[in-house]
Amino acid sequence: MEAAGSCVLETYRLTKMYQNRQIALNDINLRVEPGCVLGLLGANGAGKTTLIRLILGLHRPTTGWVKVFGRRMTANAAGLRRRIGYIPTQPRFPRGATPIDFLDFTGRLFGLPREVRQTRLGALLRAVNLLEVSGEPIASLSTGLQARLSVAASLINEPDLLIWDEPTQGLDPEARRSMLELVKALSRHKTLILSSHNLSDVDEVCTHAAVLSRGHLIFFGSLQDLKGRMKRNHFELDLEGEHKAISKAAQTIRNLPEFKVVQVRHRRLELQLTEQAANASALANVFMTLADNKVNLVSIRTVGQQTEQAFLDLVERDESRGFARVYVNGED
Amino acid sequence: MPFWTVLRGDIRQTVRSWMYLLGMGTYAALGLGLVLHRAAMYRQAGLSQSAAALLGELLFMALVSGATWAVFLSAGAISGERQLLADAILCRGVSRYQYYAGKWMARVVLVSASFLFCGAAIAGIGLCLLHYDVRADGVGVALLWLASVFAAVVTLGVSVSALSESTLFSVVVVWLAVHGLGVLFTMLQLEECNPIRLCDRFSRAMREGMAFEELARSLACYAGATLLIGLVGAIGFARRDI
């Protein structure tokens, strides 16, 4: 198990216990390939931040190991951390420092030469729109501006791996949108690990997900696999056509045995399938009915947060396993 | 470079701290006041004032009050930054050893150099104004010895600070340890390690000069303790969860 291959991050039987009183993480096996955008999901206290701290070498594993870029991460592995950009949940900054001071200090800690540091510092301040406040004390900046500064600090060493812990927490919708766009842009060149409570964020930007529940990894795989675990049986269709025709089509659909809920509201058709129904054939019947009634389809979507539903299903299933969890590692 | 960044940042931060400014200001004012008082007695009243006796008193004053000041200054070196450590410093490209060494060296150099500079300045003024009965090499040795004692105290402070979560706890532990060890050494009559006894001996040494063997033995004793405590702190810090 010592061979790490070319993966960016690998953990093996990673376990963390605090003073034999609390098991924060138990037997975590992860393997993150280059270019992956991994969403770390889990409720409060699930072990997300502990896992991140173990990856960064801030905590020592009780058993197991973490390898980053094929090398074991330890408290003194400064060389490995030079390839990582990290944003904590609640970024803290030195008292009295300005954004320029802070970025310069961070650059020094990464061992960047003065010329490189100064060039990147200016470019990053411009990129995150902090030029106007670059001389102000950080304490006087808003949460959104401080979040932008954290982003700049995490990028100053041009890292290959980015670990962002709750990057959109406390941001207004505009700042959150900018952050997600930035994640999408960065994901083209870098590997990212995002811890988030906001499942819609994960849904939007991540390619893979790891779901933690009470320190245990209950799912690790692609986001598609996670969504695939949820039965899709609830749809909404936006329609175009005469109101009378839409009502007639809805009435026809109500008579089909695959549907248990059929409702029309302002040219929006809500459909809920029975448990046994195959969604493709059921929807094919719907489309044919709509065509017969000369109703056009504007859009179709599944209802509810798929990732959220899948996450909740996973946690619920893990809870319901009881003692059998001992014999089942991760997903079944 | 990360080591120098930590060292430079810590020196700058400590020099600006109120604790440092208050301690150095108080020591300089008291020392200067004492020298001027004795100089007035010598010049105005014609009472002969021994520079060696005065420097001995200053040495004692520096040792007793300075030890507490050094404890306050060093025991929060790392625990005082606990909030920043994980999120802004150790998550970057700096190892635990580099960070610890940077903090340790910064505090040792700052405290020792401050006492050396301040002590040398007061001694220089005293030598000009008072009855000249000391040897320059004796004064140098006394100040060097004082710096080595402070280096050991500061190292203990930084080590405990690296291993504890709270600055208050570190201050209490280090203060009790420093003064407890002083009492213990006095009771055990350990000449090399008893700072109060050494104060008396250094007053004499300032007048008569000092044997190099004695100096070497004393410095080796404190340097050994400093290194040992420093290493324990560094290893303990590297094994801690931050």
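## Starting with one arginine

This is a predicted model, so please read every value here as computed from it. Let us begin with Arg120(A): a polar atom of its side chain lies 2.8 Å from the backbone oxygen of Ile156(A). Arg120(A) belongs to helix α4 of chain A. Setting aside residues up to four places away in sequence, Arg120(A) touches Leu112(A), Ile156(A), Asn157(A) and Glu158(A).

Gly47(A) and Arg120(A) are 73 residues apart in sequence, and their C-alpha atoms are 34 Å apart in space.

Is Arg117(A) buried or exposed? Arg117(A) counts as buried because its relative accessibility is 2%, and the cut-off for buried is under 20%.

Who are the neighbours of Arg117(A)? Leaving aside residues within four places in sequence, Arg117(A) is in contact with Asp104(A), Gly107(A), Arg108(A) and Leu112(A), and also with Met1(B) from the other chain.

The buried residues of α3(A) are Pro99(A), Phe102(A), Leu103(A), Asp104(A), Thr106(A), Gly107(A), Arg108(A) and Leu109(A).

What covers the buried residues of α3(A)? The cover includes α4 (114-127) and α5 (143-155) of chain A, together with α1 and α4 of chain B. Just after α3(A) comes Gly111(A), with a positive phi of about 75°.

## Chain A as a whole

Stepping back, chain A has 11 helices and 14 strands. Of the 332 residues in chain A, 50% are buried. Now look at contacts in chain A between residues with a separation of 6 or more: 67% of them join residues 24 or more positions apart.

## Where the two chains meet

How many residues of chain B are in contact with chain A? There are 25 in chain B, and they are in contact with 31 residues of chain A. Between them, the two chains bury about 2,500 Å², with 54% of that area on carbon and sulfur atoms. Asp87(B), Arg92(B) and Asp241(B) supply 27% of the area that chain B buries against chain A, more than any other three residues.

Asp241(B) also forms a salt bridge with Lys16(A), and the closest N and O atoms of this pair are 2.6 Å apart. The count of salt bridges between chain B and chain A is one. Residue pairs in polar contact between the chains number 15, with both partners at pLDDT 80 or more. On chain B, helices α1 (2-16), α4 (82-89) and α5 (96-129) each supply at least two residues of the side that touches chain A. The largest share, six residues, comes from α4(B). Sorted by class, that side of chain B has 13 nonpolar, five polar and seven charged residues.

## A word on cysteines

A disulfide is a covalent bond between the sulfur atoms of two cysteines. How many disulfides does the structure hold over all chains? The count is zero.

Cys91(B) is buried, as its relative accessible area is 0%. Cys118(B) has a relative accessibility of 10%, so Cys118(B) counts as buried too.

Notes
Residues are numbered from 1 along each chain as its sequence is written. Chains are lettered from A and ligands numbered from 1 in the order in which they are written. This is a predicted model: local features need pLDDT of at least 70, side-chain atom pairs count only at pLDDT 80 or more; totals for chains, interfaces and linings use all residues. Side-chain values use heavy atoms; hydrogens and water are left out. Contact means heavy atoms within 4.5 Å. Buried area is the accessible area (1.4 Å probe) that two parts lose on being put together, summed over both. A salt bridge is a side-chain nitrogen of Lys or Arg within 4 Å of a carboxyl oxygen of Asp or Glu. A polar contact is a pair of N or O atoms within 3.5 Å; within protein, one must be able to donate a hydrogen and the other to accept it, and residues adjacent in sequence count only if both atoms are side-chain atoms. Helices (H or I, at least four residues) and strands (E, at least two) are DSSP runs, numbered from the N terminus. Ala, Val, Leu, Ile, Met, Phe, Trp, Tyr, Cys and Pro count as nonpolar, Asp, Glu, Lys and Arg as charged, and the others, Gly among them, as polar. A disulfide is a pair of cysteine sulfur atoms within 2.5 Å. Buried means under 20% relative accessible area, exposed over 50%, partly exposed in between (1.4 Å probe, protein chains only).
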